[in-house]
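Reader: I have the sequence and the model open. Can we go through a few local features in turn?

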Amino acid sequence: MAIVQKAAPRRATITEGHDADRRRQRLDRGNTRWRTFGSVHPRQGSGRRRELLEHQAPRVSVLSCADSRVPPEMVFDQGLGDMFTTRSAGQVLDSSVLGTLVYGVDAFDTELLVVLGHDSCGAVKAAVEALRTGELPPGNLGYLVGQVLEVVETVPEQETEKAFLDACVRANARAVAEQLRHEPGLREAVAAGRMKVEPARYDLRRSRVEWLDDASGGEGGIPAPRARTG
Ligand SMILES: [Zn+2]
């Protein structure tokens, strides 16, 4: 027989929560490679492309900002078929974004759904500006900013505007994650323990992803990177 038997059929029994944690650890290792300039660009060669011709099975979904400085596959150093990625400015949800995420969970048995915000987010800045001026931009942009504004309005004032902006970034990723945990089509997988939804924040200066539901930051004791080199 010329057919190569692929190993690793789906596990019949899943230890609750553990798969998501393993997925997250893999993302952590990728982010460590990225921020220390050691990316290996895994699973992108001809073999992988052939392997993916007929089907995909990404067990990780990522909802990230559209910001050009935060491409999820790069900051997590992942390959083709690894992550089902949806992007919208400020990770704002609408029917299409939600539909995309639900599709991913349905089709690929998503184990980990990451909501990836970042510092210096233009969408969050626009919402803070709307809070200060009382004015939203017109049209669809107004919808987008208005969605983030709903979160920003709940964030306590901070000592500096920079600190307030960062508090808003964190609150926004957390709020989106919390909403996703309760969305029809997603909440069932969360309630059954098949999927975790994890908010995270990418730090542009340090190229580092921080898990917002972790007090520790979720990097398992990996030392901080050397001083930034620009
Ligand atoms: Zn952004």
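Author: This is a predicted model. We can begin with the accessibility of one residue.

Reader: Is His 118 buried or exposed?

Author: The cut-off for buried is under 20% relative accessible area. His 118 has a relative accessible area of 0%, so His 118 is buried.

Reader: Which atoms coordinate the zinc ion?

Author: The donors follow the spacing C-x52-H-x2-C along the chain. One of them, Cys 121, counts as buried at 2% relative accessibility. Distances to the zinc ion are 2.1 to 2.3 Å, and the coordinating atoms are Cys 65 (SG), His 118 (NE2) and Cys 121 (SG).

Reader: How many aromatic pairs are there, and what kind is the one between Phe 84 and Tyr 103?

Author: A search of the whole structure finds four aromatic pairs. In the pair of Phe 84 and Tyr 103, the ring centres are 6.0 Å apart with 50° between the planes. Planes under 30 degrees apart count as stacked and over 60 as edge-to-face, so the rest are tilted. The pair of Phe 84 and Tyr 103 is tilted.

Reader: How many residues apart in sequence are the parts that this pair ties together?

Author: Phe 84 is buried, with a relative accessible area of 14%. Tyr 103 is partly exposed, at 48%. Because Phe 84 lies in strand 2 (residues 83-87) and Tyr 103 in helix 4 (residues 95-108), the pair ties together parts whose separation in sequence is 19 residues.

Reader: Which residue joins Phe 84 and Tyr 103 in a cluster?

Author: Ring pairs link these two residues into a cluster with one further residue.

Reader: Which element gives the most to the lining of the second largest pocket?

Author: The second largest pocket holds about 300 Å³ of space. Its lining has 13 residues, and the closest to the centre are Asp 119, Ser 120, Lys 162, Arg 201 and Arg 205. The lining divides into four nonpolar, one polar and eight charged residues. With five residues, the element that gives the most is helix 7.

Reader: Which residue in strand 4 is the bridge partner of Leu 116?

Author: Strand 3 (residues 112-118) runs parallel to strand 4, joined by seven bridges. Strand 4 is mostly covered, with seven of its eight residues buried. The bridge partner of Leu 116 there is Ala 200.

Reader: Which residue in the turn between strand 4 and strand 5 has a positive phi?

Author: Strand 4 and strand 5 (residues 208-211) run antiparallel, with four bridges. Tyr 202 stands opposite Val 209 in strand 5. The two strands form a hairpin with four residues between them, and the turn residue with a positive phi, about 60°, is Ser 207.

Conventions:
Residues numbered from 1 in each chain as written. Predicted model: local features only at pLDDT ≥ 70, side-chain atom pairs only at ≥ 80, totals over all residues. Heavy atoms only, no water. Phe/Tyr/Trp six-rings, centres within 6.5 Å; stacked < 30°, edge-to-face > 60°. Buried < 20%, exposed > 50% of the residue type's maximum accessible area, 1.4 Å probe, protein only. Donors = N, O, S within 2.8 Å, 3.2 Å for Na, K, Ca; no water. 1 Å grid on protein atoms, 1.4 Å probe; cavity = no way out; pocket = protein on both sides within 12 Å on 5 of 7 lines; lining within 4 Å. Points joined across faces, edges and corners; volume = space filled by probe spheres on them. Nonpolar A, V, L, I, M, F, W, Y, C, P; charged D, E, K, R; others polar. Pairing = 2+ DSSP bridges.
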